[in-house]
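Please read the report below alongside the sequence and the model.

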Amino acid sequence: MKNIEFIDVPSIEKAKSRKIKSKYYDYNFNPTLKTLDALKNKKYFIRTYGCQANIRDEEIISGILNRLGMIKTNNEEECHLAILNTCAVRENAEDKVYGQIGDFKNIKSKNKDLIFMICGCMIEQKHIIDLILEKFPYVDIMFGTHNIVDLVTLLNKYFEEKKRYVFVSSREGDVFENLPSSRNETYKAFVNISYGCNNFCTYCIVPYTRGRERSRLSKEIIAECKELVEKGYKEITLLGQNVDSYGKDLNNGDTFAKLLDEVASLNIPRLRFLTSYPSDFKDDVIDVMAKHDNIMKFIHLPVQSGSDEILRLMNRRYNSKEYLDLINRIRSKIPNIEFSTDIIVGFPNETYDQFKETIDLVQKVHYTSAFTFIYSPREGTPAARLNDNVTYEEKVKRFKELVAALEKDFDYFAKKMIGNTYEVLVEEVSKKNKELLRGYTENNKIVHFKGDKNLIGQIVKVKINDSHLYSLFGELVNE
Ligand code: 5AD
Ligand code: SF4
């Protein structure tokens, strides 16, 4: 059995600290000759679970490995280095990862030189590191969300000493620029505007796994967006756990509205942003959205619950009336706007009446899409300490009731699109039917239609002929 070296371990206490001022660094690419020799032209496999922040992290990890001369493969059986980039937001996300780690036992027994690494939000939790070290002795390296910049250092150490390593630092205040990046897509790009989250919703693990909120400098964000425009990207999504609080930590007058205005002026055909936090969503953002045609008229605005008492227990800083007022203010200035949301069902001790308030709210807002979740206790969060008198069966029942209420609206909006023509950014050949192309409308609906492959990457007009709940079918309109 290899020795274990703990270079740094996670600390929930340090992660809670919110007082540090951000520091900005340039990424330092520092491979030894041994590392370069060992990895040049070798294949790596990376699988990512979870949200867009993780997908963007994958792109940065890939960028680093490509710079080492490695080549990406989608086949874990033929790789020299494998990385699982994990998500901790709900238990079922973690279960999937454990299943996949189990599968690697076999792969590693056939390929003894394989370097097997796990990173991402799960590794930010001490109890998970302990479990992996004990149960899965073939995991070589674990590193945290703040340690992607240390990946090459870890590989250097590995090729020197061949130990097992754990490297999870609580570098809440650090922002690295000039990171290598190999984007997964050629037409759509995610651009981080801030990292971490200061909201500490009582159910959520993210502020502990990704640290306190820190904004990138706007000049860096704009330079990255400009480069994407020059490369021919058609769509940019600005990313942050709470984009609306962008700039608060910078103390230089920068706000999300100002940043959005500047990026929208860069000649990018489509601009989106994720995720908005209701009480931080200010009217100046509405004005900027109304001013620019290239900002998609679609907002993901998580409500989480329609009950004021549950919202209070969740430590969300708004009530249902304030949320609905915001929706109405946005609609009055941008009449064609559409909304999606996140909702958690079965927060500890949620009563049926409180759940019904969520249904009421959903019926007032009329979302065109939504992500719904059954509450999942996360160790270390305040909500996980609550006793819960609601059974899992009851939660599943409520979940189904909520989905049925939401789907009525989805169906109504999807049918309303039939007969109309929409602009679609063509992304790829449809997975199910190779004769069809698929792309997204401005309001984020998937459309399938017949067309030539050379349309991929272009924005085309498609008339909708048929609608299903979660996808549409149409035909190209030639002008
Ligand atoms: N249980 C269930 N859903 C959760 N989310 C975050 N934490 C939990 C949890 N413990 C949901 C929230 C959030 C989305 C990304 O995941 O709705 O907005
Ligand atoms: Fe989690 Fe709340 Fe932050 Fe979203 S805003 S990442 S739900 S703590």
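Asn-267 lies in the loop that runs between helix 9 and strand 14, in a model that is predicted. The phi angle of Asn-267 is near 75°, which is a positive value in a residue other than glycine. Most residues other than glycine have a negative phi. Asn-267 is also exposed, with a relative accessible area of 64%, where exposed stands for a value over 50%.

With a relative accessible area of 68%, Asn-251 is exposed.

Where in the chain does a cis peptide bond join two residues? This bond links Leu-274 and Thr-275, and its omega is about -5°. Most peptide bonds are trans. Thr-275 itself is placed in the loop between strand 14 (270-274) and helix 10 (283-291).

The report now moves to ligand 1. The residues around this ligand are Val-89, Arg-90, Tyr-203, Gln-304, Asp-342, Ile-344, Phe-373, Ile-374, Tyr-375, Ser-376 and Arg-378, and, sorted by class, this shell has six nonpolar, two polar and three charged residues. Three of its residues have atoms at the distances from ligand 1 listed here.

| Residue | Atom of the residue | Atom of ligand 1 | Distance |
|---|---|---|---|
| Gln-304 | polar side-chain atom | oxygen | 2.6 Å |
| Asp-342 | polar side-chain atom | oxygen | 2.6 Å |
| Ser-376 | backbone N or O atom | nitrogen | 2.7 Å |

Taken alone, ligand 1 exposes 400 Å², and the protein buries 86% of that area. Which elements give two or more residues to the shell around ligand 1? They are strand 16, which spans 338-345, and strand 17, which spans 369-374.

Ligand 2 has a shell of its own, made up of Cys-197, Asn-199, Phe-200, Cys-201, Tyr-203, Cys-204, Val-206, Pro-207, Gln-241, Tyr-277 and Arg-316. By class, the residues around ligand 2 comprise eight nonpolar, two polar and one charged. Tyr-203 is found among the residues around ligand 2 and also among those around ligand 1.

Conventions. Residues are numbered from 1 along each chain as its sequence is written. Chains are lettered from A and ligands numbered from 1 in the order in which they are written. This is a predicted model: local features need pLDDT of at least 70, side-chain atom pairs count only at pLDDT 80 or more; totals for chains, interfaces and linings use all residues. Side-chain values use heavy atoms; hydrogens and water are left out. A residue is near a molecule or strand if one of its heavy atoms lies within 4 Å of it. Ala, Val, Leu, Ile, Met, Phe, Trp, Tyr, Cys and Pro count as nonpolar, Asp, Glu, Lys and Arg as charged, and the others, Gly among them, as polar. A polar contact is a pair of N or O atoms within 3.5 Å; within protein, one must be able to donate a hydrogen and the other to accept it, and residues adjacent in sequence count only if both atoms are side-chain atoms. Accessible areas come from the Shrake-Rupley method with a 1.4 Å probe; for residues, only the protein chains shown count as cover. Helices (H or I, at least four residues) and strands (E, at least two) are DSSP runs, numbered from the N terminus. Buried means under 20% relative accessible area, exposed over 50%, partly exposed in between (1.4 Å probe, protein chains only).
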